[in-house]
Amino acid sequence: MATTAQASLSFAGGVHPPDSKSFTEDQGIQPGPLAAHLAVFLSQHIGAPCQAAVQKGDTVEAGQVIGECHAFVCAPVHSPVGGKVKEISLQSHPVLGRSPAVVIEPNAGTQPAKPPFNRPQDFDPAAYESERICEAVRDAGIVGMGGAGFPTSIKIQPDPKNPKETLLINACECEPYITCDYRVMLEWTEQVITGIQLIQRACGASNVFMAIEDNKPKAIERIGASLKALGLSEKINVVPVKTKYPQGGERQLIKAALGKAVPTGAIPPNIGVVVSNVATAAAVAEAVVDNRPLTHRVVTVTGEGVTRRGNFYVPVGTPVATMIEHCGGVTTEAVKVVLGGPMMGLAIADLNTPITKAGGAVTVLTKDQIGKAKFERQETACIRCGRCLEVCPENLNPTKIAHAVKNNLLDVAERYYISACIECGCCSYVCPANIELTGYIKTGKIFLARQKKKMPG
Amino acid sequence: MPENITVTFAPHISKPLSTRRVMLDVAVALVPAIAAAGYLFRVHALLLIGFCVAWCVATEWVCNLIRKKPNSVGDLSAVVTGILLALSVPPALPLWAGAVGSVVAIVVGKMVFGGLGANVFNPAMVGRAFLTASFGMLMTTWTVPAPVDAGLPKIAPENMVNTRTQATPLAWSKMAIKDEYGAKIYNERQFAHTLTGTIGGCLGETSSLAVLLGGIYLLLRRTISIHIPLAVLVSAFVFAGIAYLINQDAYMQPFFHLTSGGLLFGAFFIATDPVTAPLTRRGMWLFGIGVGTITMLIRIVGEYPEGVMFSVLLMNAVTPLIDRLCKRVPAGGKPRA
């Protein structure tokens, strides 16, 4: 992996897993397979789930609303294809276990190719009112495509109480293996830039930064060249940051690129910063300029456990099994299928789990990649070596929190700031005793939420 | 689709690091000190080290059987304890005493607390403390290193009765303090020897160069961090320096103190035991300053010529309090209520 000048902007802590991007970074985005059924979840975002707007047996068109919003923090869902609604049923979900989805049978012959985006010759973001942009983004059902899935229209809405002065575009893609955002930056460059300008217009930011990790020199160059050609080099500042996991965590990114710390318990808008993923920006451009809802995304299928690898443009709702089949199936050594990357991704049991708007990768891992001790989950005693403290990007004491949870001392866990944990996995990554620190901490958060009656159970 | 797909929490990859690897690093770092001990004190030294390691491992194995727990000797912590214990005792210590020390180190120093990770006190120092209290004479009988006395090429068990005892640098240091005279002379004559090890002392501590080599290896491999050794050595240096400035005839110069006795060995290998030292960086500084200061306090003001064992054990006792005192603040500051 050739890197040009090493960027120096960074944050304290973090780890350096091998980036494993060479599997797919040079593969252009290809049209993905069209599955026999698409299962579009009614909840693909943080906030209240949508209500189904269609019934079993209905015929739907591509882009038709199939899930409506009846709450503020919500984003509608649309049918990615023309077809028939087979049923509305519970489908496997990586976090919720099972979640209601609209299962659609596509019409025969529907091919999922990305429509070209043509940036208008005389494009001027000022021609769009902020309100109109936010409405278009909401109607298109755009959510944070970097993984969090927060409804974008709410994030970019101007707020007179907390003015959003800085827009920070997150193009880091710090997880190993994943290259979907990288390819989007290389291949849909103008679409991304258009989207960034629209987001800036919507939230009223006076400064725009785009942070890219320094292991992506081609992307840095490409974006820089496009900005220059469009005369926007002064308006959008490309900031190369040091390649380190989890550089793409918004709190770490704000620290590295802007030098500011987001207070514990607060979110970036509280300090006047809006962070947005590049793919989300691209989706915004499509929604506002071309009036297209968010129905497809680029997904990287990768890992040593799958026969072929690549970056695919697929409709939301495509089962993971279809994508894996399209890539030649899993190898005999495959032992884990992860939605997302190896550090924070969710391992799934049911391969019919569908792709969501916020899920950018399917990583199939072999036992070799996972490591014998980790695969067999042999935990030994904590030797208090302190490595987990050294790597924690939030400066916490992971071993103390994890052992407090293990011994059911949730008040101790709270006192050691369990709620400040971003679940990045750095602590578990380095632990010589192979303790599942992240797992204990996640479990502790759930126990605490139940205790405070914020969660059922 | 394969039937053997597993589902676990993230992260799904990890650094190839294990407790055993950490312990192996420490054992490797101790090789220069072991080699120096073998060169200076010949066969008996190596026998003693081997004996202590064997007894430590065997004791841990038996303890695991009694506790009905899976066998933990594979993590090599007992091996490291054995080496550390052997290197911290005088070279003429009989093998049976080494065995007793090993058993106490493992049982009282580690197993009764619940095994590795649960102990409060450094196991090797617990063993040594027991030996010092129980077999005082044996623990203060020093030997002339073989290279110094050509007449004693092998310090074999049969020679032990006839070994000529020689005061250690710290013993002279104590004499100088009492007489308020002689420090300058000892400084000039003996400093070079404290570096190479051709002086009296415990097995592992005489050759400062060998200890330093091992310490640097550990630092480069990032098995230990610089905080504790630096804090120990700097605070000891400062304390010794102040005394030296007060009276140069009574007190040895500070570098002499750094290279005499178990201070270097303690700074890099004993005080850095992760289980018994604080977790946070600030805590490590405090811990190291405590070890360095108390060691020098005992050496200069107290009756004992050497203080590393006691200072480490004392600071081990205070470690849980230090951890509580030096809590980390999250990167975003304390949460506002």
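Trainee: In this predicted model, what is the bridge partner of A:His93 in β8(A)?

Mentor: A:Gly97 is the partner.

Trainee: What makes β7(A) and β8(A) a pair?

Mentor: Pairing needs at least two bridges between the strands. Strand β8 covers residues 97-106 of chain A, and 10 bridges link β7(A) to β8(A). Therefore they count as paired. The sense is antiparallel.

Trainee: How many residues does the hairpin use to join β7(A) to β8(A)?

Mentor: The hairpin runs through 3 residues.

Trainee: Why do β4(A) and β7(A) count as a pair?

Mentor: The cut-off is at least two bridges. β4 (residues 59-60) and β7 (residues 83-93) of chain A have 2 bridges, so they qualify. They run in the antiparallel sense. A:Thr59 has A:Lys84 in β7(A) as its bridge partner.

Trainee: Now chain B. Which domains does chain B have?

Mentor: Domain 1 spans 19-139 and domain 2 spans 166-325. Their centres, taken over C-alpha atoms, are 21 Å apart.

Trainee: How do you know which residues of domain 1 and domain 2 of chain B are in contact?

Mentor: C-beta atoms, placed from the backbone, must lie within 7 Å. By that test, 32 residues of domain 1 are in contact with 26 residues of domain 2 in chain B. α2(B) gives the most to the domain 1 side, with 9 residues. That side has 26 nonpolar, 4 polar and 2 charged residues.

Trainee: How many residues does each chain bring to the contact between chain A and chain B?

Mentor: Chain A brings 55 residues and chain B brings 37. The chain B side divides into 19 nonpolar, 12 polar and 6 charged residues.

Key. Residues numbered from 1 in each chain as written. Chains lettered and ligands numbered in written order. Predicted model: local features only at pLDDT ≥ 70, side-chain atom pairs only at ≥ 80, totals over all residues. Contact = placed C-beta atoms within 7 Å. Nonpolar A, V, L, I, M, F, W, Y, C, P; charged D, E, K, R; others polar. Domains from an automatic or database assignment. Helix = DSSP H or I, 4+ residues; strand = E, 2+ residues; numbered from the N terminus.
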